[in-house]
Every structure is written in structure tokens, then in C-alpha cells.
Amino acid sequence: MYSAMPYAISQVIIEMPYIFIQAATYGLIVYAMIGFEWTAAKFFWYLFFMYFTLLYFTFYGMMAVAVTPNYHIASIVSAAFYGIWNLFSGFIIPRPSMPVWWQWYYWACPVAWTLYGLLVSQFGDIKTPLEDGDFVGQSVEQYLRSRYGFRHDFLGVVVAVILGFAVLFASIFTVSIKLFNFQRR
């Protein structure tokens, strides 16, 4: 009934304000509960990363449904990728502790970039020394750099990559809706 491209593009566009409302509501509640520093810059960085993380996960789900024959297969494929993304996000095993031959997947993992952006935007500029643990005397900024390899001056690249993942997943969804047809006659 509808042309494929306008239909797919409208699905992508209609998700944006809806997800923004979700991210703003969730972001305000969680930001206050965690007790992050209340500065406008840090709050809006947090809101940015939450919005685009929810956006690329939504677009990934739409893409998975568009590239597979039915939603059952899409849920299986998505579950596999979610598990791999969580494993290689750098949360369980920090990137410097990963074997060199697996670090390439860390850089291809969208969740790793979200974690990088959230930690660096909230803690990457703190010069206060740590008072407990194995890293006593190191500033929070130095700890993030030595333990996780996170640098605050890399924040612009992180923003570009997060935007890139959202655009990539939305683009693949749009093209897949146009090119793939799994209907049987």
C-alpha cells in the first residue's frame, strides 16, 4: 500500500521524539538517584548518551526484524548480539585486560562506546585523588586512563561513533525494508 522508503523513513523519524521523552524521563530520575555531579554540561552529556543508546538499540531491533524473515529469528539473532555486546563492552573485562586478538571487537561494539562516553563524560575530568584500594593517590582521571584506557579528550570521537551507530542501524533498516521481501506467494 505504501512505498517502502517513505514508510521506513517515517518509522525511523517517529521513534525519535518518543525515545527522547523516554530518555529524558529515565535520565532525570536515574541521574538524580545515582548522585552524579549536578552541572548542566554533565547532565546533558548523560542525557545525550542515554538518548542515542536507546535510539541505536531501537534501530538495531528494527533492523534485525527487517533483515530476517520473521520476528522469531530476529529475536534469536538479537539475543546473540546482545550477549556478545555485553561481553565485549569493557564492563566485565576492561579493554586493556582483553587479549589483543579480541580487542578489535571491543572497538566494534556499540555498548563499549556508550560505556566509554558515560564514564568519561561524568568522571574523566575529576582530578580528586582516590583514597581507597590499589590505586591510592591516583586521580580519578588517571585511574580511568590506566585501568580502562579511557581519555576525556577522546569524547568527540565517542560522540561521532555513537551517532554513527544510530545512523548505520537506521540506514540498514531503511534499505532492508526496500530490498528484502520475505513474503511467500
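Trainee: How many cavities of 30 Å³ or more does a search of the whole structure find?

Mentor: The model is predicted, so local features need pLDDT of at least 70 and side-chain atom pairs pLDDT 80 or more, while totals for chains, interfaces and linings use all residues. Residues are numbered from 1 along each chain as its sequence is written, and side-chain values use heavy atoms, without hydrogens and water.

The search of the whole structure finds one cavity of 30 Å³ or more (on a 1 Å grid over the protein atoms alone, a set of points where a 1.4 Å probe fits but cannot get out; lining residues have an atom within 4 Å of a point). The largest cavity has a volume of about 30 Å³, a volume being the space filled by probe spheres set on grid points joined across faces, edges and corners.

Its lining consists of Val-120, Gly-124, Glu-141, Leu-144, Arg-145, Phe-150, Arg-151 and His-152. Helix H6 (residues 140-148) contributes the most, with three residues; helices here are DSSP runs of H or I with at least four residues, numbered from the N terminus. By class, this lining divides into three nonpolar, two polar and three charged residues. Ala, Val, Leu, Ile, Met, Phe, Trp, Tyr, Cys and Pro count as nonpolar, Asp, Glu, Lys and Arg as charged, and the others, Gly among them, as polar.

For context, the lining of the largest pocket has 13 nonpolar, seven polar and no charged residues; a pocket is an open set of points with protein on both sides within 12 Å along at least five of seven lines. The volume of the largest pocket is about 410 Å³.

Definitions and conventions:
Helices (H or I, at least four residues) and strands (E, at least two) are DSSP runs, numbered from the N terminus.
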